[in-house]
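Thanks, everyone. Please bring up the sequence and the model, and we'll go through a few pieces of the fold.

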Amino acid sequence: PSVGGAQVNVLEVRGERGLRNTAIVHVSVVFRTPTHLWVLQVSYPEWGLFHTCACVCVCVFPQVHVKMADEAVCVGPAPTSKSYLNMDAIMDAIRQTGAQAVHPGYGFLSENKEFARRLAAEGVTFIGPDTHAIQAMGDKIESKLIAKAARVNTIPGFDGVVKWRRADECRCVCLLGYPVMIKASAGGGGKGMRIAWSDDETREGFRFSSQEAASSFGDDRLLIEKYIDNPRHIEIQVLADKHGNALWLNERECSIQRRNQKVVEEAPSTFLDPATRRAMGEQAVSLAKAVQYSSAGTVEFLVDSKKNFYFLEMNTRLQVEHPITECITGLDLVQQMIRIAKGYKLQHKQEDIPINGWAIESRVYAEDPYKSFGLPSIGRLSQYEEPVRLSGVRVDSGIQEGSDISIYYDPMISKLVAYGASRADALKKMEAALDNYVIRGVTHNIPLLREIIVHPRFVAGDISTNFLPEVYPDGFKGHPLSAGDRRELLAAAAALHIAAQLRSQRFLGEQRVSAAAQERRHWELCLELEKSVHMLAVSHSRGTYTVEVDGEKVEVSGEWNLASALLPLSINGSHKVLQCLTRSPAGDISLQYLGTTFKVRVLSVLAASLSKHMPEKLPEDTSSILRSPMPGTVVGVAVKPGDTVAVGQEICVIEAMKMQNSMTAAKTAKVKSVHCKTGETVGEGDLLVELE
Amino acid sequence: LSTVATAVIGSRLLHNSRWYSISHLSVQDRIEEKRRAALVGGGQKRIDAQHKRGKLTARERIDLLMDPESFVEYDMFVEHRCADFGMEADHNKYPGDSVVTGQGRINGRLAYVFSQDFTVFGGSLSGAHAQKICKIMDQAMMVGAPVIGLNDSGGARIQEGVESLAGYADIFLRNVMASGVVPQISLIMGPCAGGAVYSPALTDFTFMVKDTSYLFITGPDVVKSVTNEDVTQEELGGARTHTAVSGVAHRAFENDVDALLNLRNFFNFLPLSNKDPAPVTECHDPSDRLVPGLDTLVPFESTKAYDMLDIIHGIVDERDFFEIMPNYAKNIVVGFARMNGRTVGIVGNQPKVASGCLDINSSVKGARFVRFCDAFNIPIITFVDVPGFLPGTAQEYGGIIRHGAKLLFAFAEATVPKITVITRKAYGGAYDVMSSKHLRGDVNYAWPSAEVAVMGAKGAVQIIFRGKENQAEAEAEYVETFANPFPAAVRGFVDDIIQPSTTRKRICRDLEVLASKKQTNPWKKHANIPL
């Protein structure tokens, strides 16, 4: 525990009476999610009472949570349907370890009523709400009816299960008018969710949503409702005990999303006034009470620009973004869940729940943010350092250096939480945390996160769920360099290059080295950045590099060396943390600067002048070949050799990280050859189909 | 001085009336004029043509390769001596002829270099051209400094006939004499055909420039007339062919600039001669750095692959690994890196490709690399995950016995520090070959995932328990007995079983200890490696 709020909390827990004598002595922690690590880290070892057990599947065997747990049980091979979703295997693991309680985390079986029922049947405590509540809230249609009855504002729509091609549903769509939202009844987290603006899109949306819903939740029922354009996504954390008491723990603003999945969350929201907050909180509590809810839960609302709010759904589990609520309220939600599961009454009253400071969470994903704000990437974390030394920064992750990010799970690397006295303070800490986060070996979305949190609209709190497509209509392109940025970046690259040059001339114990080269103190360099060329003059003395860029002097110094992953530089006196990702002997340097990775080519003036004679190598013509943009499984191939395809026509569908992605033709042409089969696993860049 | 000069001119006047016409120039002027002529080689038109092909001139290449202002040129005034076919004409004489030679510094360290000048008679090799190369090679061997050849030559100077062939042979002989004395590096930057190819072939490393360099015995036209094969220059002897198919070249670079800058970097790994120790550079990467990622790298199922490069990159200084032949015989990985600043040669089986088995090509690739390291005092670190030699008629008919023996020979005769880490499988004869304790390995480690055995469980059980009913049980028994590092450790065939994350720390410490290792082989004229 490193964030102020949570730390206080743990101290409280230690002195707390109830749990010390609790009988839950064996808690089984299921599933590979950062929450579990948090559970293991904070709660159990601190209390010294629990024997923890983690269930793991074969593929992730030496994972972090296994090390932290006292005992580990293997529940099956990598595909989640055979391991973390395999209820029999998990029940066996529970029996085998004699677990008396199970914390289900989030995702997988955390909201599965059947799982809760089977646990109850064996007398194992499910650390979460009752089966009844999971069932009621897990079904979007039923939950909406209950919400209506509990006088919670709901979105207009068709409150029933929809199967396409039935006349009444078509009519229903027409009555509602476009746009409409198609959702998996059992869904969550944006999976099985599509927006449609026309009949055609509705038809396509149904196909994808039902397939996704079937593969992710084993339930292909869908519902349809009016799509509220440009809304905010704000959710209320509730906590309810088994004695009919319920609290609302303020809101979390989760509007920054891509493809309906949250990217940046904060608590509190800049948008809510105390009255709206109270109204939302009270409706959330009334819903929780209506289903006799116990444990921690989240009631999600869509809020339009006039601060009208509509019930979206209730999540009957711990949310990924729960740490930010912990930060501002000082409550440890996992601890509260365990207390409630044991039947204790809530310790707090509504007026005890504060908003202390501001907390922001960035979801760090193994994704390429330059492709549709994030397409999954895989790989092995060759280097990995979390910025946990910084104050006010908490990192919840389930991985470590050497971990494999595979296609079998969500591509989340960690939840990065920054907590500060004010929003500005929290944002500053988040900036530093992102700059100091070392992730090598997989493509990650830090460039995007780093841009979002400094964007003027975000800083002003002017956001909605359409933030990303509105701010980056042509897709995310990385940090746009200002003239000042450019000078700093060039100066840093030049300093790095010269440092490497100087070192390459220093041989230890070697007699036969001429001293002439080492006496050099001034260099003329030619740097290329984003296709523009700059001439730089560099001089070096006592660890400080003075670089003349475009007529201005930039001084680069700092405590760094060529082996360190982080480059904490002082550039003209201001502190900047850069990262050098690669440095080639031919002068190519990749530098992570303000989150984005920039490629700089540093050459001597001679090498640069001779480079103009080098032949330009033509890149491969990509319009006639279709390559997989990400690693995944081919779930359908719609063409065969000889077929003629039109621009935009679907060629095949790749499923990766539980999302189905339709691959389409870039031009109208005949299919020359097909290189993939349904069910095959493909890697990023693998050839799928060739056109003529 | 002027008296001497006049005397010289005077004596020439008697023999050669041609001198008379320019005798109005002072010697100083003539020197300057010759120098100017030498610097432009074949003239601006040919220089432009060379640039148009995406190639640099011989002198531009040297300028990029050597430290600024360090190059000292030899034999700038040498001219060819051919008098046939009109070659004696004034306009056919170029000061320095078709090669630039000399010595200079690369990051402060001495190197001899010759750079063939394609603008002068297509870089063809005359007797004078060969003589210039021989001169610097002789001196390089005498002072103990590497020789770098920048090859860009159309072949023999046909007008000179046997004199040109003699020139090649003179160079070949020196290549052989210098082998193992000073490192020799060839960078092919244009055509290199016919007999000329044997000089790079005799050197330690041959690098190529993509798309602009070719190496072949005979070009596409001759191939067509002899074997009726249709093949392009690129397919026959381009960089891709030689780095991926034939194994003739050790690596290819994008273009001239990229190649020369990379060569500077590569040069820093090498000692100047066999009398010099492997270089040690300043190192910022802590020698006791733990590599936690390695503890989880080797998969539990012994049939699952992993990338040996992940181990190598994790262990060496700053993940800086200069791989040799990265696209050829990929089932073995070889290359240079540094450990605590000290150059080391790394050999590793690559489980990702053909399970990391040893076959003909990988054995030869590994053997040549090991012998280079041994010749030049570079410690060898071997990572072993080898299921054995590749079976099959293709391998047996190709002589895997003979070729596999090369790798065995190379490891056995090597007297440099040898450190071996068995990461997983070390099966059969391949276990012995891969720098085992029995071949004088100095420090041999096993990771906990190591299995040292004669063969995998399945095969072994079929032999040991032939006819026995419960094969699965027998297999389990075999695995229990052999699929772990203990059988080797109890016999002292591995010195220790180490946690993978501590490997870097251990090796750095061992290298420090072994730096003073002295071991010699029995006196012999030379050994008889099974070629």
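What covers the buried residues of H18(B)? Part of the cover is helix H19 of chain B, residues 471-482. A reminder before I go on: this is a predicted model.

Let me take H18(B) itself. The helix spans residues 457-464 of chain B, and its buried residues are B:Ala457, B:Ala460 and B:Val461. Look down the axis of H18(B): the buried residues fall within an arc of 100 degrees, so they line one face of the helix. An α-helix has 3.6 residues a turn, so residues three or four places apart point the same way.

Now the packing. The axes of H18(B) and H19(B) are 9 Å apart, at an angle of about 115 degrees. Their crossing is right-handed. Who touches whom? From H18(B) come B:Ala457, B:Lys458, B:Ala460, B:Val461, B:Gln462 and B:Ile464. They meet B:Gln471, B:Ala474, B:Glu475, B:Tyr478 and B:Val479 in H19(B). By class, the residues of this contact are seven nonpolar, two polar and two charged.

Next, chain A and its sheets. How many strands are in the open sheet with the order S14-S13-S10-S11-S12-S15-S22-S20? Eight, and the pairing is antiparallel. S14, residues 309-315, and S20, residues 393-397, stand at the edges. Each has a single partner strand, so one side of each is left without a neighbour in the sheet. From one strand to the next, the twist averages 25 degrees.

Inside that sheet, look at S11 and S12 of chain A. S11(A) covers residues 246-258, S12(A) covers 261-267, and four bridges pair them antiparallel. A:Arg258 has A:Gln261 in S12(A) as its bridge partner. A helix also packs on this sheet: H11 of chain A, residues 274-290. H11(A) touches S10, S11, S13 and S14, and its direction makes about 110 degrees with that of S11(A).

Last stop: S31(A), residues 596-604. This strand pairs with S24(A), residues 522-529, in the antiparallel sense over five bridges. There, A:Leu529 stands opposite A:Val600. S31(A) is also joined to S30(A), residues 588-593, by six bridges, again antiparallel. In that pair, A:Gln592 stands opposite A:Thr597.

And the turn? The hairpin of S30(A) and S31(A) has two residues between the strands. A:Leu594 takes a positive phi there, near 50 degrees. That's my tour.

Note on methods
Residues numbered from 1 in each chain as written. Chains lettered and ligands numbered in written order. Predicted model: local features only at pLDDT ≥ 70, side-chain atom pairs only at ≥ 80, totals over all residues. Heavy atoms only, no water. Buried < 20%, exposed > 50% of the residue type's maximum accessible area, 1.4 Å probe, protein only. Arc of directions from axis to C-beta. Contact = heavy atoms within 4.5 Å. Axes fitted to C-alpha atoms, helices over the stretch in contact; angles between N-to-C directions. Left-handed = near helix turned anticlockwise from the far one by under 90°. Nonpolar A, V, L, I, M, F, W, Y, C, P; charged D, E, K, R; others polar. Pairing = 2+ DSSP bridges.
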